[in-house]
Amino acid sequence: MKKNRRQFLRNISLAPLALATAPAIAATKAVKPNLLCDRTTLDRFGQGPFYTNNAPMLQDNQLATPDEAGTRIIISGRVRNLDCSQYIPNTLIDIWHADDAGQYDNAGFNLRGQTLSNEQGFYMFETILPGKYLNGSRFRPSHIHFRITPPSFPRLITQLYFEGDTDIVDDAAASITEGEFDATHRIIALSENSEGKLEGTWDIVIDGDGITGVNDIHADKGILYKIAPNPFSDKLLINYGVFSKAKISLLVYDMQGRLVATLEERTLPSNKYQAEWTPDEG
């Protein structure tokens with residue numbers, strides 16, 4: 001079950017859970033979400049000198065091989081359009097970074113790979129925390145490079161940093177807090193999960209044509225409003241409300257959009273409810 005847990009996003013934005021009715025609760029008459037949306041910015045250092053073309057597509061969301069030295073981290077998120085009202089599927093995300101010793105593989109494709117956001121805009125990969133290296137007289141903070149290309153829209157090249165890194169404050173790129181290179185929303189927190197790996201969530205906000213997803217939607221008959229704990233280990237509690245009497249289905253999907261579990265299928269009156277999902281151990 002560990003693989004399925006990795007594939008299930010530990011994402012505060014309601015993860016890949018769908019609340020639906022007959023007729024649909026989440027897919028029809030949706031109101032455009034009123035979200036504060038922070039556009040993903042360029043990084044001052046841009047692509048840098050270590051990019052390699054034609055990196056392979058990731059297998060099982062693994063950027064780092066199992067024997068790669070370093071602290072394991074999982075990065076997940078969702079690709080959104082500029083006002084965060086839609087999610088952008090099939091966005092090509094090219095990822096590369098230094099190894100634990102701060103070295104790039106410039107001869108092959110170690111710690112280099114590409115992935116696509118899935119049908120609801122989600123992406124995820126597992127790797128190691130990048131090591132630091134000298135840039136002049138100072139160490140660059142730990143960072144991951146991204147080339148993000150939504151279908152039929154311009155590419156964005158940027159870098160991701162991590163909270164608590166003491167080299168951020170003196171870094172010419174990571175320390176910028178305003179303007180087109182503002183790194184504020186590209187510095188993310190990492191927290192340890194039950195497997196001893198660090199996890200972080202980073203939503204990519206970019207120009208592109210998207211879809212209205214089945215999550216984060218206030219519909220006319222119900223809403224998912226809390227999913228906890230985040231990240232989860234043995235069980236997940238889903239809180240939802242039904243506005244008017246309806247037949248509802250509460251469904252869990254994995255990163256590939258496959259149905260993992262059906263938690264509820266019944267007619268409910270207007271009220272607040274809680275469902276529990278305990279993944280199978282088999």
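This is a predicted model: local features need pLDDT of at least 70, side-chain atom pairs count only at pLDDT 80 or more; totals for chains, interfaces and linings use all residues.
## A loop with an exposed serine

Ser-152 sits in the loop that links strand 8 (144–149) and strand 9 (156–162). Is this serine buried or exposed? Its relative accessibility is 78%, so Ser-152 counts as exposed, the cut-off being over 50%. Its backbone is worth a look too: phi of Ser-152 is near 65°, a positive value in a residue other than glycine.

You can find Asn-90 in the loop between strand 2 (72–80) and strand 3 (92–96).

## The whole chain

Now step back. The protein chain contains 18 strands and 1 helix. Of its 282 residues, 50% count as buried. Its accessible surface comes to about 13300 Å², and carbon and sulfur atoms account for 49% of that.

How do contacts reach along the sequence? Among those between residues at least 6 apart, 72% join residues at least 24 apart.

## Inside the cores

Which residues touch the most other members of the largest nonpolar core? They are Ile-75, Phe-125, Ile-144 and Phe-146, in a core of 20 residues. Strands 2, 3, 5 (122–128), 8 and 9 each supply at least two residues of this core. A second, separate core has 15 residues, including Ala-246, Ile-248, Leu-250 and Ala-275. In soluble globular proteins, nonpolar side chains tend to be buried together.

Leaving out residues up to four places away in sequence, Phe-125 touches Leu-58, Asn-61, Leu-63, Ile-73, Ile-74, Ile-75, Ile-95, Ile-144 and Phe-146.

Technical notes:
Residues are numbered from 1 along each chain as its sequence is written. Side-chain values use heavy atoms; hydrogens and water are left out. Helices (H or I, at least four residues) and strands (E, at least two) are DSSP runs, numbered from the N terminus. Buried means under 20% relative accessible area, exposed over 50%, partly exposed in between (1.4 Å probe, protein chains only). Contact means heavy atoms within 4.5 Å. Accessible areas come from the Shrake-Rupley method with a 1.4 Å probe; for residues, only the protein chains shown count as cover. A nonpolar core is a set of buried Ala, Val, Leu, Ile, Met, Phe, Trp, Tyr and Cys residues joined through side-chain atoms within 4.5 Å.
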